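Try each task before you read its solution.

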Amino acid sequence: MSTADASTSGRPAARSDTGSLHRLVERYGSAVIAATLGLAVLAALADGVIAQAGVGIVVAVTAVAVAWAIRAAWRRRPTAGVAALVLFVPLTGLLVALRPSDAPAIERAARAVDVTVATLVVAAAVLVFEGARRLALSRRQTGDSPWATFTSPDPTPGDGRVALRIGAAGLLMVAAAMLLVALAPRGFAGVGTSWAGLLVLVALTVAAIVVAPALAAAAVVASRDRAERERALHRQAVAAHLHDSVLQTFALVQRRLDDPHEVRRLIRRQERELRDWLAGREQLWPDTLAGALREVVDEVEADLHVPIDLEVLGDCPVDAPVASLIDATREALRNAARHGDGAPIRVLVVADTATTEVYVRDEGPGFVLDRVPIARRGVRDAIVGRMAAVGGTATIDSELGSGTEVVLRLPPPKESTR
Amino acid sequence: MSAYRTRVVIVDDHAIFRAGVRAELAQACEIVGEAGDVAEALQVVRYCEPDVVLLDVHLPGGGAVAVLEGLEDVRRRPSVLALSVSDAAEDVVGVIRAGALGYVTKTIAGAALVEAIERTRDGDPVFGPRLAAYVLRAFSAEPPDEADDLDRLTPREREVLMHLARGYSYKQIAARLDISPRTVESHVSGVLRKLQLASRHEVSHWAARRGILDGADPVG
């Protein structure tokens with residue numbers, strides 16, 4: 001039933017060596033703490049108390065406190081034991097102060113306060129230790145740091161109780177510190193510091209315990225909110241894009257089911273567009289070679305119903321020679337689509353510092369160059385002529401039965417504009 | 001078709017797609033098993049001992065790379081042909097590095113898929129035009145003077161890859177370059193090895209430099 005038992009069984013068997021120390025503390029720690037506390041209290045009481053009147057009550061009260069603490073420790077609930085001591089020992093201190101004695105009243109009062117302060121400090125230390133132990137245990141599974149109890153936006157079950165315990169410990173420590181402050185003028189425990197210095201110390205402690213986790217928690221929450229906002233925006237952008245593209249195409253396809261050419265064209269265009277978008281290339285403007293060729297491919301595919309695969313290695317801006325290259329590519333594509341018997345066309349574009357090339361290849365029937373009809377030769381000349389006009393070359397490579405390839409080449413650019 | 005029917009396991013998380021491929025391959029291959037995620041794939045492959053695993057790149061449980069890594073200690077390791085709707089560069093580079101012999105997209109025609117499976121069974125790389133273009137893009141971004149040997153394609157390898165990207169078959173490339181088809185294959189295998197041999201660090205560095213990963217985890 002205790003959290004200690006639950007976490008013991010839930011913990012991985014083979015932890016580091018701190019694990020074994022941990023188990024030791026877990027098993028015997030509470031008993032040791034209770035015994036030490038009991039001895040400390042007895043020692044305090046023995047200081048001139050035993051022989052006095054009223055000693056029966058004092059011993060009885062202390063015995064009850066210690067017994068309760070030991071019993072609590074036995075049942076692995078050291079917190080209850082500490083609570084018992086916190087309740088009873090100040091009472092004992094009070095009794096010490098009130099007992100009939102020859103000593104001056106001021107001395108008796110001081111001794112009572114000493115006992116009380118000592119008890120409070122020890123109790124606070126035990127509570128902090130215990131709280132930290134449980135924090136470490138409860139956080140061990142999640143792999144977070146103990147501070148996550150305060151800073152985590154998603155608290156795990158049991159965090160509340162642990163936090164409460166740590167908070168109580170913090171309050172106890174503050175109380176102890178304030179008592180210390182009250183005693184400072186008479187130099188308790190050799191602390192001769194000034195009131196102001198102690199107050200600053202207390203304030204800093206409180207700030208560290210209370211304010212720092214709160215700030216950290218606020219930061220975590222803020223960053224989570226920001227991430228959520230970004231996610232929402234991103235989702236909106238994706239939704240908007242899919243709506244404008246894929247859903248739009250679906251609608252068009254459903255309306256054009258009677259026209260298989262058109263359906264295929266729509267699907268291929270959408271596929272290309274989606275692939276570009278997925279690859280982060282959605283900003284393809286026709287002012288670059290790649291963007292312009294994409295439009296050319298769409299256009300020829302739409303007009304002539306031939307599937308065209310475009311692969312681009314590198315890119316460059318469109319200047320006059322590149323514009324001619326694009327026009328020549330369009331011609332080559334139309335040519336291949338018209339005479340390739342519907343065979344797929346593959347376009348490879350290579351644009352880097354050394355070269356700008358376009359390969360247009362179809363797996364159509366091919367032809368023998370010498371026997372090309374005049375009309376086709378005209379188209380060919382248009383391609384070759386266009387390229388020659390800007391200092392480039394166009395070669396046509398064809399063979400009966402193994403397709404045709406047109407290779408368009410621009411000379412390397414003179415300046416580094418590309 | 002040869003008398004021996006290639007034993008194939010299909011790994012894909014879409015049952016409809018598996019059924020489609022199964023129907024397409026039924027004539028030419030013997031489909032000995034199917035799997036829908038990484039764990040299942042490893043189990044099925046161990047049990048069925050196929051010649052070829054047709055492997056989808058995006059799988060629940062770690063993806064194709066996890067399957068390829070899991071296959072490393074299989075007694076009779078099958079050849080792997082990656083098949084995916086994605087042609088993102090990091091997917092291509094990832095599966096090839098992890099040991100797949102080839103990569104084809106799901107739009108591939110049935111006959112071409114059968115041919116690719118048979119090539120894979122024989123241990124020959126399957127380099128489609130698209131994969132060739134990706135590899136070229138990856139290698140070409142490197143300034144030659146900065147690249148070490150692993151980072152560089154030989155002129156011949158580059159030439160072969162360029163022809164593949166232009167859409168030529170191995171046989172056509174052999175004829176055009178006046179070398180034997182076997183030599184073409186050995187050049188492609190050389191490129192494959194270069195992709196696979198580079199260390200993890202080198203490859204992620206390499207990929208980042210070329211803008212392939214673009215913030216994504218290095219695959220492989």
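**Exercise 1.** Leaving aside its neighbours within four places in sequence, which residues is Arg361(A) in contact with?

*Solution.* A word on the ground rules comes before the steps. This is a predicted model, in which local features need pLDDT of at least 70 and side-chain atom pairs count only at pLDDT 80 or more, while totals for chains, interfaces and linings use all residues. Residues are numbered from 1 along each chain as its sequence is written, chains are lettered from A and ligands numbered from 1 in the order in which they are written, and side-chain values use heavy atoms, with hydrogens and water left out.

Step 1: locate the residue. Arg361(A) belongs to strand E3 of chain A; helices (H or I, at least four residues) and strands (E, at least two) are DSSP runs, numbered from the N terminus.

Step 2: list the contacts, where contact means heavy atoms within 4.5 Å. Within chain A, Arg361(A) touches Pro344(A), Ile345(A), Arg346(A), Ser402(A), Thr404(A) and Glu405(A). From chain B, the partners of Arg361(A) are Arg166(B), Gly167(B), Tyr168(B) and Gln172(B).

Step 3: look at the side chains. Those of Arg361(A) and Gln172(B) are joined by a polar contact of 3.2 Å. The term stands for a pair of N or O atoms within 3.5 Å; within protein, one must be able to donate a hydrogen and the other to accept it, and residues adjacent in sequence count only if both atoms are side-chain atoms.

Step 4: check the burial. Arg361(A) counts as buried because its relative accessibility is 3%; buried means under 20% relative accessible area, exposed over 50%, partly exposed in between (1.4 Å probe, protein chains only).

**Exercise 2.** Describe strand E2 of chain A and how E2(A) pairs with E1(A) and E3(A).

*Solution.* E2(A) spans residues 345–351, and seven of its seven residues are buried.

Step 1: sort the side chains. Ile345(A), Val347(A), Val349(A) and Ala351(A) point one way, whereas Arg346(A), Leu348(A) and Val350(A) point the other way. In a regular strand the side chains alternate between the two faces of the sheet.

Step 2: find the parallel partner. Strand E1 (residues 308–313) of chain A runs parallel to E2(A), with six bridges between them; two strands pair if DSSP finds at least two bridges between them. Asp309(A) is opposite Arg346(A) in E2(A).

Step 3: The chain leaves E1(A), passes through helix H11 (residues 320–339) of chain A and reaches E2(A) in a left-handed β-α-β crossover. For comparison, a crossover is right-handed if, with the strands pointing away from the viewer, the path from the first strand over the helix to the second runs clockwise.

Step 4: find the antiparallel partner. Seven bridges pair E2(A) with E3(A) (residues 356–362) in the antiparallel sense. A hairpin of four residues joins E2(A) to E3(A), and Ala351(A) is opposite Thr356(A).

**Exercise 3.** Characterise the interface of chain B and chain A, including its salt bridges.

*Solution.* Step 1: count the residues. Chain B gives 16 residues to the contact and chain A gives 18 residues.

Step 1: take the area. About 1,500 Å² is buried between the chains, with 42% from carbon and sulfur atoms; buried area is the accessible area (1.4 Å probe) that two parts lose on being put together, summed over both. In chain B, Arg130(B), Arg137(B) and Arg166(B) lose the most area to chain A, together 37% of what that side buries.

Step 2: count the pairs. The rule finds four salt bridges across the interface, each a side-chain nitrogen of Lys or Arg within 4 Å of a carboxyl oxygen of Asp or Glu. There are also five residue pairs in polar contact (both at pLDDT 80 or more). H6(B) gives the largest share of the side of chain B that touches chain A, five residues.

Step 3: examine two bridges. Arg130(B) and Glu311(A) have their closest N and O atoms 3.7 Å apart, and this pair runs from helix H6 of chain B to strand E1 of chain A. Both Arg130(B) and Glu311(A) are buried. Glu405(A) and Arg166(B) form a salt bridge at 2.5 Å, N to O. Glu405(A) lies in strand E5 (residues 404–410) of chain A and Arg166(B) in helix H7 of chain B, so this pair joins two chains. Glu405(A) and Arg166(B) are both buried.
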